[in-house]
Amino acid sequence: MNEYGKSDSSIVPERLPNKACKKAAEAMEERELAKGNTFRQNAYRTQCRAHAQSALRRVRTAARGDRKLRFTALFHHVYSVGMLCTAYYGIKRDAAAGIDGETWQEYGRNLETNVKELSQRLKRGAYRAKPTVRHYIDKPDGSSRPIGISILEDKIVQRAATEVLNAVYEQDFLGFSYGFRPGRSPHHALDALYVGIMRKKVNWVLDADVRAFFDTLQHEWLVTFIEHRIADRRIIRLIQKWLRAGVLEDGRLIRSEEGTVQGGSISPLLANIYLHYVFDLWAEQWRRRSHGDVIMVRFADDFVVGFQYRHKAEQFLSELKERFSNFGLRVHSDKTRLIEFGRFAAQNREKRGTGKPETFNFLGFTHICGKTIKGKFTILRKTIRKKLQRKLREVYIKLRRIMHYPIPIQGRYLRSVVSGHVRYYGVPMNSSALSVFRKEICRMWYKALRRRSHKSRMIWERMKRLIEKWIPKARICHPYPTLRPSVIT
């Protein structure tokens, strides 16, 4: 008993364990939860990926609730140690090093100290973006594509900023945008296109491409678009640092007021923001006031639009060119085509005597007007011939280089090649192209093994055992588009 005549336990209630179901204040004061409080705590006690997601939950809720809300305080999410650690582990471990030569493994040997020091530099404004190293990769059409390689710390900060900005912009992006978005893949875009053409009255298809989009994106317009949603000046300055850092090419530093480096962690998001305001919102309004069915699917700077009427398709293309010119973009004339495509295309073209319907390429597949066994219209998706031939040439060159390596090393390499090819191109009605690819791989391997010595004893019976052991079989690993539950049209 105390001086008030009450027991001590009545004044100081029994403490609850750390993982109590009630909030700390309400529990200790022995009262009910305040209005609006939930039993489940929003933040985690340790730094982890789930903690980074939880910290952005209120940002997502606010962005979803008010599409005109401008966010003034987001930068503290970027420089938090937990977010930076999450970004570090999200980077590919075998990615090429930037101009400083630091690799993922070297940075991780003293990860805690490095991340804390990086967080402090971001917090006090001492972080400086470094130039990227430009390399070129060959494209199927014979041209080359520039790729930028950033230093590891730039990759970490860009990935952290992308995670934070995605919490806002994923609530704004429209449903027909699929490129480089969380939870969406090229196959979702392919399925949406298939379902749209099959279920809507589509008779004409516009297959369009933006000429040198990543090189002509204008910084001034991009910053203007970002400021529609982001009012945190520190986020804006951080993005401007990356845009102005420049690229190193043949030892020369090149800076420009246009373009963003392909290969950067934040470049896909910046591209989606730019095209969201330049194309998506405009195209959605155009579709609403248009007569007839119109479908749209966009993956990064490649997009396909289906129309019921030809004159509407021609009007759309004309207005699109004008729209793009206002923002420094141009439609690629060689890769943009308006073709007759759909369930009645073959019948209409046969009446006019113009031959079979034309085909178009999208995301690695050639789309063809076909028929099922029962004679109903369907869309055949075949591996683009040039892509298949190019991949076989790459494998042939690689096999010549590792011809004298042990067979298990060669087998593991070929198994990864065939498995990756099948996982992407294994869509229904593409089994013939998959079989051709696997057959050519086996033939080239057999040829390479027989050339290892002029006294080669590689007989076909032994080769068949090696093929069965190392080369996966060609199989369809994707369902029909109408059966995939995640199709968004």
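Predicted model: local features only at pLDDT ≥ 70, side-chain atom pairs only at ≥ 80, totals over all residues.

1. Leaving aside neighbours within four places in sequence, Ile236 is in contact with Val223, Ile226, Glu227 and Ile230, where contact means heavy atoms within 4.5 Å. Ile236 is found in helix H13 (residues 233-244); helices (H or I, at least four residues) and strands (E, at least two) are DSSP runs, numbered from the N terminus. Ile236 counts as buried because its relative accessibility is 2%; buried means under 20% relative accessible area, exposed over 50%, and partly exposed in between (1.4 Å probe, protein chains only).

2. Residues are numbered from 1 along each chain as its sequence is written, and side-chain values use heavy atoms, with hydrogens and water left out.

3. Helix H15 (residues 310-325) has 16 residues and should span 22 Å at 1.5 Å a residue; its end C-alpha atoms are 23 Å apart, which agrees. The expected span is 1.5 Å times one less than the number of residues. Buried in H15 are Lys312, Ala313, Phe316, Leu317, Leu320 and Phe324. These residues cover an arc of only 135° around the axis, which puts them on the same side of H15; the arc is that of the directions from the helix axis to the C-beta atoms. Against them pack strands S3 (204-209), S6 (294-299), S7 (302-307) and S8 (337-340), together with helix H14 (267-288).

4. An open sheet is formed by three strands in the order S9-S10-S11, with antiparallel pairing; two strands pair if DSSP finds at least two bridges between them. Strand S9 (360-362) and strand S11 (377-383) are the edges, each pairing on one side only. Neighbouring strands of this sheet are turned by 40° against each other on average, direction ignored. Helix H10 (residues 186-199) packs on the sheet and touches S9, S10 and S11, its direction making about 155° with that of S11. Axes are lines fitted to C-alpha atoms, for helices over the stretch in contact, and angles run from 0 to 180 degrees between N-to-C directions. Strand S10 (residues 365-371) is joined to S11 by seven bridges, and His367 stands opposite Arg381 in S11.

5. Strand S1 (residues 132-138) has two partners to check. With strand S4 (residues 247-249) the pairing is parallel, over two bridges, and Thr132 stands opposite Val247. With strand S2 (residues 144-149) the pairing is antiparallel, over six bridges; Gly148 is the bridge partner of Arg134.

6. How many aromatic pairs are there? The count comes to 27, where rings of Phe, Tyr and Trp (its six-membered ring) pair if their centres lie within 6.5 Å, and planes under 30 degrees apart count as stacked, over 60 as edge-to-face and the rest as tilted. Tyr88 and Trp104 are stacked, at 4.6 Å centre to centre and 5° between the planes. Tyr88 lies in helix H6 (residues 81-89) and Trp104 in helix H7 (residues 104-108), so the pair ties together parts 16 residues apart in sequence. Both residues are buried.

7. Phe365 and Tyr424 are also stacked, at 5.7 Å and 25°. This pair links strand S10 to helix H18 (residues 407-425), 59 residues apart. Phe365 is buried at 0% relative accessible area, whereas Tyr424 is partly exposed at 24%.
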